[in-house]
Amino acid sequence: MPSGKVSRALASPIEKRGDELLCLPEDQWFERKSFRVEPRKLAEALVGFANSDGGVLVVGLCDGRVEGTRADPRHRNALMQAVVDFTTPPVRARHALHACKNQHGARDDLLVFEIEPGTRLHATARDEVFLRVGDETRKLTYAQRRELTFDKGEAAYETEPSGVDVSEVDNKLLTSYANRVQHPDPFRLLRARGLADGDMLSIAGCLLFAHNPQRVMPNAHVRVSRFDGRERGLGARQRMREDVRIEGPIPRALNQARETIGRWQPRRRALGRAGVFEDVPLVPEDAWLEGVVNAVVHRSYSLAGDHIHVDVFDDRIEIESPGRFPGLARLDDPLQVMRFARNPRLARVCADLQIGQELGEGIRRMFEEMRLAGLDEPLYQQTAGSVRLTLSGDAVKRDRDDRLPPETRAIVAALRDAGQLSTGEIAEVLGVARPTAIRRLEWLREASIIEWVGKSAKDPHAHWRLAR
């Protein structure tokens with residue numbers, strides 16, 4: 001299951017193989033280790049990959065040099081047994097020797113582990129839990145370990161059989177993927193990546209490559225809606241102008257969603273790169289596209305009762321997807337997300353196809369794009385069964401943001417959606433006690449961002465609204 005770039009490096013001529021692997025940057029799915037690594041230490045990296053998205057670990061490369069592994073056959077055998085001897089339950093990993101030329105020009109071997117993403121929590125023999133985060137392997141705290149245990153149960157869903165035969169794949173799409181990762185047999189690649197079992201596609205395989213995944217998963221689609229103005233409106237006053245349901249395998253659906261949102265996105269007059277005024281997107285495309293990709297790749301497909309919503313307004317784009325944030329993602333500080341992919345096999349294929357970034361990196365990229373455009377930070381809100389991302393076209397009021405607690409931004413977003421809310425309703429939206437909600441409301445009132453409307457403190461119709 002190496003990624004495309006690792007596959008190409010491993011397939012290169014023997015005399016270049018080691019150097020090609022040394023040139024690759026380490027990331028979520030790839031790491032190098034010195035041959036001097038101890039089996040117990042190697043087990044930490046194996047556990048980290050298994051608890052995340054899987055990946056490839058190459059032993060015999062260190063400090064820009066090709067060490068090889070032939071110098072000590074007994075130590076090499078001990079490393080091969082690390083999966084059995086030092087991981088609990090044993091990590092699912094295959095190991096193989098790949099011929100190379102070492103730093104002295106002599107023929108040698110690299111020890112390559114291909115680690116499957118686990119559907120259960122894995123620990124080392126010392127009962128320590130690790131997670132692969134970007135190019136690091138991090139040890140988890142007790143609380144993080146507990147949350148990851150809960151999330152792992154949901155991660156198993158993508159491996160379940162879909163009921164769709166492999167003959168129903170989009171051959172052009174699958175062949176294009178196989179060519180990208182340089183695999184000679186597209187259907188064998190499906191099985192090697194855990195996307196098919198025998199002649200049946202898994203849930204992930206169906207979502208990625210079946211002609212019509214919605215035949216068995218009707219809500220596995222993206223609905224894009226365009227509204228006039230800044231509010232949805234209700235009933236006869238609903239302001240929806242255009243609406244489209246986007247279906248098909250994920251790579252094709254994402255391309256169609258990009259085209260649709262690109263046509264409907266709000267625009268403004270601004271000085272363009274050519275030095276003349278022109279219509280430019282209000283919200284940077286790189287920001288909203290990353291949000292859509294994250295929603296599609298990381299949504300909870302086991303929640304079959306809802307689909308992904310992308311709502312385009314005159315002043316913002318909202319993206320809502322089924323499923324709460326993985327437990328290791330901090331909603332109060334998304335930039336500190338400790339990445340965990342709910343659908344690791346699906347995420348891996350999308351990464352091979354260069355669709356989007358890693359979850360943590362993608363979130364940071366969204367924040368950076370919005371900052372460079374001089375816009376408010378992306379706002380995440382979590383309901384009982386979904387996550388909503390708001391990308392606002394409002395220019396940042398920097399003097400206000402310097403003193404405004406981040407958690408109060410959820411109040412502003414809720415009032416913009418609803419128009420007006422009582423104190424109790426705002427406390428419910430935030431999931432906090434009433435006194436806490438009142439303190440945050442006072443913050444916003446003192447900053448002249450919201451206002452209270454009512455005849456008296458006991459007025460049953462009293463409410464809060466954005467300042468006018």
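Helices (H or I, at least four residues) and strands (E, at least two) are read here as DSSP runs, numbered from the N terminus. Counted that way, the chain holds 17 helices and 23 strands. Welcome to this structure, which is a predicted model. Below is a short tour, from the whole chain to a sheet, its helices, the cores and the cysteines.

**The chain as a whole**
- The chain has 468 residues, and 54% of them are buried.
- Its accessible surface comes to about 21,800 Å², with carbon and sulfur atoms accounting for 47% of that area.
- Among contacts in the chain with a separation of 6 or more, 65% link residues 24 or more positions apart.

**A six-stranded sheet**
- Six strands make up an open sheet with mixed pairing, and their order is β15-β14-β18-β19-β21-β20.
- The edges are β15 (240-246) and β20 (379-382); each has a single partner strand, so one side of each is left without a neighbour in the sheet.
- From one strand to the next, the twist averages 15 degrees.

- Helix α10 (residues 250-264) lies across β14 (222-227), β15, β18 (308-312) and β19 (316-322). Its direction is at about 170 degrees to β15.
- Helix α11 (residues 285-298) lies across β14, β18, β19 and β21, and runs at about 10 degrees to β19.

**Nonpolar cores**
- The largest nonpolar core contains 62 residues, of which Leu201, Phe209, Ile250 and Val310 touch the most other members.
- Helix α11 gives the most to this core, contributing eight residues.
- Leucine 201 has contacts beyond its sequence neighbours: leaving out residues up to four places away, it touches residues including Pro161, Val164, Val169, Leu190, Cys206 and Ala210.
- Another core, of 21 residues, lies apart from the largest one; Ala43, Ala50, Ala82 and Phe130 are among its members.

**Cysteines**
- A disulfide is a covalent bond between the sulfur atoms of two cysteines.
- How many disulfides does a search of the whole structure find? The search finds zero.
- Cysteine 23 has a relative accessible area of 66%, so this residue counts as exposed, the cut-off being over 50%.
- Cysteine 62, in contrast, has 13% relative accessibility and therefore counts as buried, which means under 20%.

Methods. Residues numbered from 1 in each chain as written. Predicted model: local features only at pLDDT ≥ 70, side-chain atom pairs only at ≥ 80, totals over all residues. Heavy atoms only, no water. Pairing = 2+ DSSP bridges. Axes fitted to C-alpha atoms, helices over the stretch in contact; angles between N-to-C directions. Contact = heavy atoms within 4.5 Å. Core = buried A, V, L, I, M, F, W, Y, C linked by side-chain atoms within 4.5 Å. Buried < 20%, exposed > 50% of the residue type's maximum accessible area, 1.4 Å probe, protein only. Areas by Shrake-Rupley, 256 points an atom, 1.4 Å probe, with all protein chains shown as cover. Disulfide = S-S within 2.5 Å.
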